[in-house]
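The sequence and the structure are shown first, and the description follows.

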Amino acid sequence: MPGIADAALVLVLGAAGAAAGACAGRLVPLFARHDPASDEDTPPPPPACPHCGAAVPFLPWLPAVRVRGFARSGHCPSCAQAVPTSAAVAAATALLFAACGAAVGVAGAEHNPLWLAALLFFAAVGVPLAAVDIRVQRLPNAIVGPAYLVAVPLVLGAAVLERAARVPAAPGAPALAGADLLAAAEPLGGMAGLAALYWLLWFVYPAGMGWGDVKIAGLVGLHLGWAGPGAVVAGTLAAFVASAVYGLALVALRRATRRTRIPFGPFMIGGALAALLVGDLAVATAAV
Ligand SMILES: [Zn+2]
């Protein structure tokens with residue numbers, strides 16, 4: 001019965017998301033506020049323990065701390081105090097993992113496991129990034145850089161797998177013909193397109209767009225590009241509309257003025273996940 005299997009997938013992924021979010025939540029307090037307006041040339045401070053200030057090294061190829069057991073216990077290598085995790089990050093990751101499971105379903109996961117993995121990774125890394133942006137208005141390289149290293153092969157692999165499944169290979173032809181590699185063009189196009197758009201917005205009006213937003217634009221465009229140009233437009237529009245509504249609401253409630261800087265990263269990541277998951281959820285619901 002596919003219904004029970006799909007429900008089990010949602011539950012298992014929700015639990016996995018809670019665990020992954022509890023680990024990722026410990027990354028959030030490692031990043032301190034950095035005000036580049038006062039000194040343009042000073043690089044932002046490296047990730048450091050919030051208790052003793054000692055630098056906490058990150059792995060170069062994975063958005064994780066290079067300290068054994070840190071993700072589980074959060075113990076600082078210098079002062080041994082535990083870096084607290086964030087219940088909000090754990091809850092948001094659990095919800096998003098469950099939504100990924102509901103949107104993709106067991107059939108989708110069997111059809112293209114790489115895409116489910118790519119979605120889960122994007123959610124796992126997107127939530128702590130959004131949390132850091134909300135807390136200290138930064139999208140740190142220590143997380144963004146390795147996120148590209150993992151996401152690009154995952155999404156390109158998913159795109160090639162998707163095309164190979166949709167277009168059956170001619171008899172006698174190799175399983176992966178050269179044309180299948182063209183499937184990578186859409187995610188790469190989304191990545192280049194959104195990076196260019198955000199770079200242009202930043203270049204024209206640097207006060208309106210942070211450099212961190214430009215840095216993650218490629219990551220966001222890569223995932224939206226997988227679903228096609230329509231998703232790139234929908235996800236980007238969703239980010240701008242949602243942030244405008246949020247900003248107007250803050251002004252109306254007198255919690256902000258027109259000049260208040262609202263972190264845009266959470267809207268970019270949220271808009272992309274909404275465009276990707278709502279589209280799939282609509283298809284999944286229609287199929288039931
Ligand atoms: Zn410490």
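Helix α8 passes α9 in a right-handed crossing. The structure is a predicted model. The axes of α8 and α9 come within 6 Å and cross at roughly 135°. An angle over 145 degrees would be needed for the pair to count as roughly antiparallel, and α8 is therefore oblique to α9. On the α8 side the contact is formed by V220, G221, L224 and G225, and on the α9 side by A231, V232 and G235.

**Helix packing**

The crossing of α7 past α8 is right-handed.

For α5 and α8, the axes are 10 Å apart and the packing angle is about 15°. Because of that angle, α5 is roughly parallel to α8. Helix α5 passes α8 in a left-handed crossing. The α5 residues that take part are V144, A147, Y148, A151, V152, V155, A158 and A159; they meet K215, I216, G218, L219, L222, H223 and W226 of α8.

| Helix pair | Axis separation | Crossing angle |
|---|---|---|
| α8 and α9 | within 6 Å | roughly 135° |
| α5 and α8 | 10 Å | about 15° |

**Nonpolar core**

Which residues of the largest nonpolar core touch the most other members? They are C100, L119, A123, V127, V155 and V220, in a core of 78 residues. Two or more residues of this core come from each of α1 (2–24), α3 (87–111), α4 (113–136), α5 (141–166), α7 (185–204), α8 (211–226), α9 (229–252) and α10 (265–287). Helix α4 supplies the largest share, 14 residues.

Residue C100 is in contact with L13, L116, L119, L120, A123 and L277, leaving aside its neighbours within four places in sequence.

**Annotated transmembrane spans**

An unreviewed UniProt entry lists residues 87–107, 114–131, 143–161, 181–205, 225–252 and 264–287 under "transmembrane region". Residues 87–107 are 100% helix and 0% strand in the model, with 31 Å between the end C-alpha atoms. The span 143–161 is likewise 100% helix and 0% strand, and its end C-alpha atoms lie 27 Å apart.

**Buried positions within helices**

Residue G126 belongs to helix α4. The threshold for a buried residue is 20 or more other C-beta atoms within 10 Å; G126 has 27 such neighbours and therefore counts as buried. Apart from residues within four places in sequence, G126 is in contact with I269 and L273. The C-alpha atoms of G126 and A147 are 9.2 Å apart, with a sequence separation of 21 residues.

Residue A239, in helix α9, is also buried, because it has 23 C-beta neighbours inside 10 Å. Not counting residues up to four places away in sequence, A239 touches F267, M268 and G271. A distance of 7.6 Å separates the C-alpha atoms of A239 and A272, which are 33 residues apart along the chain.

**Loop positions**

The loop between α4 and α5 contains Q137. Although Q137 is not a glycine, its phi is positive, at about 55°. Is Q137 buried, exposed or partly exposed? With 17 other C-beta atoms within 10 Å, Q137 is partly exposed.

The loop between α9 and α10 holds R254, another residue that is not a glycine and has a positive phi, here about 60°. A residue is exposed if 12 or fewer other C-beta atoms lie within 10 Å; R254 has 7 and so counts as exposed.

Residue T260 is likewise found in the loop between α9 and α10. Its 10 C-beta neighbours inside 10 Å are the reason why T260 counts as exposed. The C-alpha atoms of T260 and A19 are separated by 34 Å, and the two residues are 241 apart along the chain.

Notes:
Residues are numbered from 1 along each chain as its sequence is written. This is a predicted model: local features need pLDDT of at least 70, side-chain atom pairs count only at pLDDT 80 or more; totals for chains, interfaces and linings use all residues. UniProt positions are given in the numbering used here, feature names are shortened, and annotations may be inferred rather than shown by experiment. Helices (H or I, at least four residues) and strands (E, at least two) are DSSP runs, numbered from the N terminus. A nonpolar core is a set of buried Ala, Val, Leu, Ile, Met, Phe, Trp, Tyr and Cys residues joined through C-beta atoms within 7 Å. Two residues are in contact if their C-beta atoms, placed from the backbone, lie within 7 Å. A crossing is left-handed if the near helix is turned anticlockwise from the far one by less than a right angle, and right-handed if clockwise. Axes are lines fitted to C-alpha atoms, for helices over the stretch in contact, and angles run from 0 to 180 degrees between N-to-C directions. Angles under 35 degrees count as roughly parallel, over 145 as roughly antiparallel, 65 to 115 as roughly perpendicular and the rest as oblique.
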